[in-house]
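Hi,

Here is the structure I promised to pass on. Have a look at it first, and then read my notes below.

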Protein chains: 2
Amino acid sequence: MKDKKLKIIPLGGLGEVGKNMTVYEYDNKILIVDAGMMFPDNDMIGIDYIIPDFDYVKQRADQVVGIIVTHAHEDHSGAISHLMEHVHAPIYSAPLTNGLIKNKLNRRSFAKEVTLIDIHAGETVQIGPFKVDFFHVCHSVPDGVGLGIDTPAGLVVHTGDYKFDHTPVDGRPTDYWKLAEFSSRGALALLSDSTNAEVPGWTPSERVIEDGFNRVFRQARGRIIIATFASLISRMQQVLDVAKGFDRKVAFTGFSMLENSRIAKELGYLQYAESQVVSIETALSMPESKVVLMVTGSQGEPTSILGRLANGTNRQFSIQAGDTVVISAHPIPGNEEAVYRAVNRLMEKGADVVYSEIEDVHVSGHASQEEMKLLLHLVRPRYLIPIHGELRMLRQHKRLAMEIGMDERQIALVENGRVIEFKHGEMKLGERIPGGYVFVDGTGVGDVDRTIIRDRELLSQDGVVLINLFLDKNNGTFKDLEILSRGFISQEESKELFDELRTRVIRLTTSPAKNMQKEIQNLSISYLNEETKRRPFIFVSITKV
Amino acid sequence: MKDKKLKIIPLGGLGEVGKNMTVYEYDNKILIVDAGMMFPDNDMIGIDYIIPDFDYVKQRADQVVGIIVTHAHEDHSGAISHLMEHVHAPIYSAPLTNGLIKNKLNRRSFAKEVTLIDIHAGETVQIGPFKVDFFHVCHSVPDGVGLGIDTPAGLVVHTGDYKFDHTPVDGRPTDYWKLAEFSSRGALALLSDSTNAEVPGWTPSERVIEDGFNRVFRQARGRIIIATFASLISRMQQVLDVAKGFDRKVAFTGFSMLENSRIAKELGYLQYAESQVVSIETALSMPESKVVLMVTGSQGEPTSILGRLANGTNRQFSIQAGDTVVISAHPIPGNEEAVYRAVNRLMEKGADVVYSEIEDVHVSGHASQEEMKLLLHLVRPRYLIPIHGELRMLRQHKRLAMEIGMDERQIALVENGRVIEFKHGEMKLGERIPGGYVFVDGTGVGDVDRTIIRDRELLSQDGVVLINLFLDKNNGTFKDLEILSRGFISQEESKELFDELRTRVIRLTTSPAKNMQKEIQNLSISYLNEETKRRPFIFVSITKV
């Protein structure tokens, strides 16, 4: 038994290592930690979202003994319904996480087939050959857990997303004592969150947001509209608490905000008197100074409520002068443009807009550099595998570890799919398994690949031109020509251009051609490029009539 | 004369007010300040760049008495060659600015027709009815000027981009004394830079970069590759100075970097011994520890040298282990994704990458909050018109002004195209003139509008499907059907889908239709959407054969 290898495989991050899924494998048994979704980069055109490539676990579905979801954020839990199409093992999570997952599975109507096992931080559960200590971590959602995963090959500590908040909203600090205990038991390896490895100092406590909210509430005269993530349950609690002090009622708005607040309330993670919360309809009929509306759209997504408010396309209510809008979130990298555009548009419509640059209305849920060093000192792992971050963050995490005395050989910077093996207490990097992530577009999972994305990019750069040529079926002479375009050039400007293209194509039909379609294509590409310096996608169709 | 109005019209910014151009009009004479270009937002697909709408000045071309360019950055000077196609008046700028503009005009081969007049900070020039005091401002390019524009209607101070750097690289601080003199003469209005109105404190001196560079150079063993803007002449000087101390030669790489360094050297704005600079060919043949390569691409642009190095597509040289890459710039909002992707890829290729998050290798060229307050105290204007910023920044600028005692009625938050009128010392907001900005795509100026962009967006979301139906010309019965697609779904996945679509289209042809094209279109849209939840662009062509 002692001779068996423990394998760890980080999977699924889009440029971020092990962000969304990690596989632990021992004695032919597999434990999956997290199954999250990713949002596409700006150049992944038309993609709805991205999930990890489940191929490795699909092929070993009968070896999977359990799935643990560390917390309820989408980047750790959002692909779980896709995973459960392939894997049949129980899910072990804290009650709030399970509650939100269950709701998600229900929507895809296979909740009944899935076993969800509630665990609580502080418990130890044997899952196959893995003896897992669940310990509490602070994060921007309640009920986050980190894991001590013990096998005969050694004890591995897996933090999930964490910070060391001394004054968390729910009063439960990260479990320093368990981390120290891992150290005394001897931690073979630590896999930990690198998100803020570039950020000096210590991440502020969630508590500072209350001061920020208090200042905003004190100044607001009209309605207060607060946009945040629907999964930020602790933010909901803070808004409820502050609103109470200012004698304002709170209305949750939008499907996911309503659902999540309901589940969190039922499970005891949101605490408020029933009279403190009203429906949106009631809120809209109340005096403006008496209400707070909590909405989604903190990333400026045009289809979210905040996005629609900014664009003036929200049906139920609109921004009016005197509204105070609070964006209680940071823009996720890549979303800055959308967020700040929404801010400007809301201001144009007369709202006061408060956002994290100008007021303490959001703090990060991830540990900064000093916290990362504290974690390393508490756990004293033999090996460090920085995860949850782009390569640039993993490198900074490594640098921090070396600053506090770790040796370069004790730290593995790996890419997704790299198998990390532990045997006799030694770490070795193994093979790299194929597959990274899979695009989800509409109902299609994996039917859009890089080629399709590339075509979409080309189509979007300069549009399309369609050339339909009709030739006489008897003698091949020219009969008719139709030129259409979309996204290429405005109608008025195109006339002269297409008239000349027409003349050139017709001229071409009079001389013999080996491959007329190809020749028309080339002619059109070079003529249009010469005249406009653009390269539209050109479709040529030749029909004999 | 005293009764005449002074009009000021901020123009051209893309979401930013008066960023790229401002029109001053008095007694039917027009002075234009700056003519810059903007970079497109991520959703302005396929657009190369954006220029202000020159319609207002085109229609009054004979009234234009002069153009002033405050400094040589693209967002203030990059549209000058487009402007000079419509306007025939002299350009007044500092020597370096004029040198770089001249080079730009030469490339479009109409430099000869344009009169460039060198002015120096400290000089006063009468341009038509406008008596202009040019004063020195610190910014991240040498030779930046601010303007005191005097007319019988009053004195207006226009800062351009500025910061109050106490230890600037070229030893020339911003002209505090002139600003104070404006105050004693009585400044009617101040138009000033709002870029950093959200940033507390005081922008660090350009000097801190030298410390950052020194630390980087001390640690680097191999080549040092520094990416920055080609217009950041003072950064070039800093690199040359630090490189000299470490006995490294500098090679400028890329067209604009070479051109700009040559011009700056000729005009005395770059100072170095000839032996300090080598060609890229020479640099590549030297020991790695002896060279610095200065390249473009600090925004991660895939076609720039740094972009090509990151993607492994640069011809002349590639990244090798041991290279240190310094990104000496902040990502411009919207470019974060591209920049950090380049950072990660350079790291994957073995480079150490140093960027502004982890080392002092860039500082902003714009004043922060305390500097903006200092400016207001120095100038003591009757009216403030915050410019150079998005609405959210202008609002913060206004808040700062109110904090130091200005009244709300003294501050105008305006949008581009709003005419601000001054008469008898009073400010009044006038009409809004149409036009904001114009897209440039390839050689086309203004032939791509929002509709085209929208079509490109649609094309890019889910691709295109082409349906070519052939019917018998005698009886209209079905003869043939061709279905093609691009960017929609992968080939393997499309077969079944298109087979079924085929069946449905053929079935439709058997029943009489009022508008068969429309019906096929609708059928295809709804069938494909139902099956894939996607909405490709569908072109239907029906031919009778």
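Into which domains is chain A divided? Keep in mind that this is a predicted model. Chain A splits into domain 1 (6-201 + 364-445), domain 2 (208-354) and domain 3 (463-544).

Let me start with how domains 1 and 2 of chain A sit together. Their centres, taken over C-alpha atoms, are 31 Å apart. Where they touch, domain 1 of chain A puts 17 residues in contact with 14 residues of domain 2 of chain A. On the domain 1 side, helix H4 (residues 95-107) of chain A gives the most, with 5 residues. By class, that side of domain 1 of chain A has 8 nonpolar, 5 polar and 4 charged residues.

Next, the two chains. How many residues of chain A are in contact with chain B? There are 58 of them, and they meet 58 residues of chain B. Several elements of chain A give two or more residues to this side: helices H11 (336-348), H13 (391-403) and H14 (450-462), together with strands S25 (464-471), S26 (478-486) and S27 (537-544). The chain A side is made up of 19 nonpolar, 18 polar and 21 charged residues.

The same surface serves both copies, since 100% of the contact residues of chain A recur in chain B.

The axes of the two helices come within 8 Å and cross at roughly 170°. An angle over 145 degrees counts as roughly antiparallel, so H14(A) is roughly antiparallel to H14(B). Which residues of H14(A) meet H14(B)? They are Arg456(A), Glu457(A), Leu459(A) and Ser460(A), and they face Arg456(B), Glu457(B), Leu459(B) and Ser460(B) in H14(B). Sorted by class, this helix contact has 2 nonpolar, 2 polar and 4 charged residues.

For another helix pair, look inside chain B. Helix H5 (residues 176-185) and helix H12 (residues 369-379) of chain B have axes that come within 7 Å and cross at roughly 50°. H5(B) and H12(B) are therefore oblique to each other. From H5(B), the residues involved are Tyr176(B), Leu179(B), Ala180(B), Phe182(B) and Ser183(B), which meet Leu375(B), Leu378(B) and Val379(B) in H12(B). The contact of H5(B) with H12(B) has 7 nonpolar residues, 1 polar residue and no charged ones.

Now the sheets. Chain B has an open sheet of 5 strands with parallel pairing, in the order S15-S16-S14-S17-S18. Why is one side of S15(B) and of S18(B) left without a neighbour in the sheet? Strand S15 (249-252) and strand S18 (352-354) of chain B stand at the edges, so each has a single partner strand. From one strand to the next, the twist averages 20°. At one end of the order, S15(B) pairs in the parallel sense with strand S16 (residues 291-295) of chain B over 4 bridges. If you want a residue to check there, Phe252(B) has Met294(B) as its bridge partner in S16(B).

Chain A has an open sheet of 3 strands, S5-S23-S24, and here the pairing is antiparallel. Strand S5 (49-52) and strand S24 (444-445) of chain A are the edge strands, each pairing on one side only. S5(A) and strand S23 (residues 437-441) of chain A pair in the antiparallel sense over 4 bridges. In S23(A), Tyr437(A) is the bridge partner of Pro52(A).

That's what I have for now.

Cheers

Technical notes
Residues are numbered from 1 along each chain as its sequence is written. Chains are lettered from A and ligands numbered from 1 in the order in which they are written. This is a predicted model: local features need pLDDT of at least 70, side-chain atom pairs count only at pLDDT 80 or more; totals for chains, interfaces and linings use all residues. Domain bounds come from an automatic or database domain assignment. Two residues are in contact if their C-beta atoms, placed from the backbone, lie within 7 Å. Ala, Val, Leu, Ile, Met, Phe, Trp, Tyr, Cys and Pro count as nonpolar, Asp, Glu, Lys and Arg as charged, and the others, Gly among them, as polar. Two strands pair if DSSP finds at least two bridges between them. Axes are lines fitted to C-alpha atoms, for helices over the stretch in contact, and angles run from 0 to 180 degrees between N-to-C directions. Angles under 35 degrees count as roughly parallel, over 145 as roughly antiparallel, 65 to 115 as roughly perpendicular and the rest as oblique.
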